[in-house]
Amino acid sequence: MMVDIPENKREKLIQFIKFGLVGVSNNLICYGTYVLLINIGLHYVPSNIIGFSISVFNAFYWNNKYVFSDSDGSRVWWKTFIKTYISYAGTGIILSNILLAVWVEIFRAPEVIAPIINLVITVPINFLTNKYWAYKSK
């Protein structure tokens, strides 16, 4: 049985799915960098910041091209890039590191598992800030 979804809701759902696919690659890059740096002895906070910094470039490229495309050409790419970085910084550096400390220091979660737990909180926040602020034209 097929569910009939109104066109405007279908477009939003497809956009969220695309954002999720980009997010998977973004998180693989961030997490892979994080685990690599943890394994060579770097503390989990700088490891998270470095992984985040690398992954934002990936997120910007694919979100700009594939998820929140600029069909009318009204968006200024460098402003969008800065807003994307700020948007992800709120969750990717500030919130993520606070949560990492909570999971690792208080709840004694393994350092390699804590970033995965964060995704439940940070992914929806990232989608909303990107959709309604970073990739908003003008």
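This is a predicted model: local features need pLDDT of at least 70, side-chain atom pairs count only at pLDDT 80 or more; totals for chains, interfaces and linings use all residues.
Residues are numbered from 1 along each chain as its sequence is written, and side-chain values use heavy atoms, with hydrogens and water left out.

Let me begin with the chain as a whole. It has 4 helices and 0 strands, and from the N terminus on the order of the elements is α-α-α-α; here helices (H or I, at least four residues) and strands (E, at least two) are DSSP runs, numbered from the N terminus. Along the principal axes, the C-alpha atoms fill a box of roughly 45 × 45 × 20 Å. Of the 138 residues in the chain, 36% are buried, where buried means under 20% relative accessible area, exposed means over 50%, and partly exposed lies in between, with a 1.4 Å probe and protein chains only.

Now to the packing of the helices. The axes of helix H3, residues 77–106, and helix H4, residues 114–134, come within 9 Å and cross at roughly 155°, which makes H3 roughly antiparallel to H4. For these values, axes are lines fitted to C-alpha atoms, for helices over the stretch in contact, and angles run from 0 to 180 degrees between N-to-C directions. Angles under 35 degrees count as roughly parallel, over 145 as roughly antiparallel, 65 to 115 as roughly perpendicular and the rest as oblique. H1 and H4, in turn, pack at about 135° with their axes 11 Å apart, and they are therefore oblique to each other. H3 passes H4 in a right-handed crossing, and H1 also passes H4 in a right-handed crossing; a crossing is right-handed if the near helix is turned clockwise from the far one by less than a right angle, and left-handed if anticlockwise.

Next come the salt bridges. Side chains of opposite charge can pair when their charged atoms come close. The structure holds 2 salt bridges, each being a side-chain nitrogen of Lys or Arg within 4 Å of a carboxyl oxygen of Asp or Glu. One joins Arg 10 to Glu 7, with the closest N and O atoms 2.8 Å apart. Because these two residues are 3 apart in helix H1, about one helical turn separates Arg 10 from Glu 7. Arg 10 is partly exposed at 31% relative accessible area, and Glu 7 is partly exposed at 45%.

Arg 108 and Glu 105 also meet in a salt bridge, at 4.0 Å from N to O. Arg 108 lies in the loop between H3 and H4 and is exposed at 61% relative accessibility, whereas Glu 105 is partly exposed at 42%. Arg 108 has a phi near 60°, a positive value in a residue other than glycine.

Finally, which residues form a nonpolar patch on the surface? They are Leu 13, Ile 17, Leu 21, Tyr 61, Trp 62 and Tyr 66, with about 590 Å² of accessible area together. Helix H1 (7–39) and helix H2 (44–67) are the elements that give two or more residues to the patch. Patches are made of residues with over 30% relative accessible area and no salt bridge, where like charges are joined within 9 Å and nonpolar side chains (Val, Leu, Ile, Met, Phe, Trp, Tyr) within 5 Å; accessible areas come from the Shrake-Rupley method with a 1.4 Å probe, and for residues only the protein chains shown count as cover. Trp 62, found in helix H2, counts as partly exposed at 36% relative accessibility.
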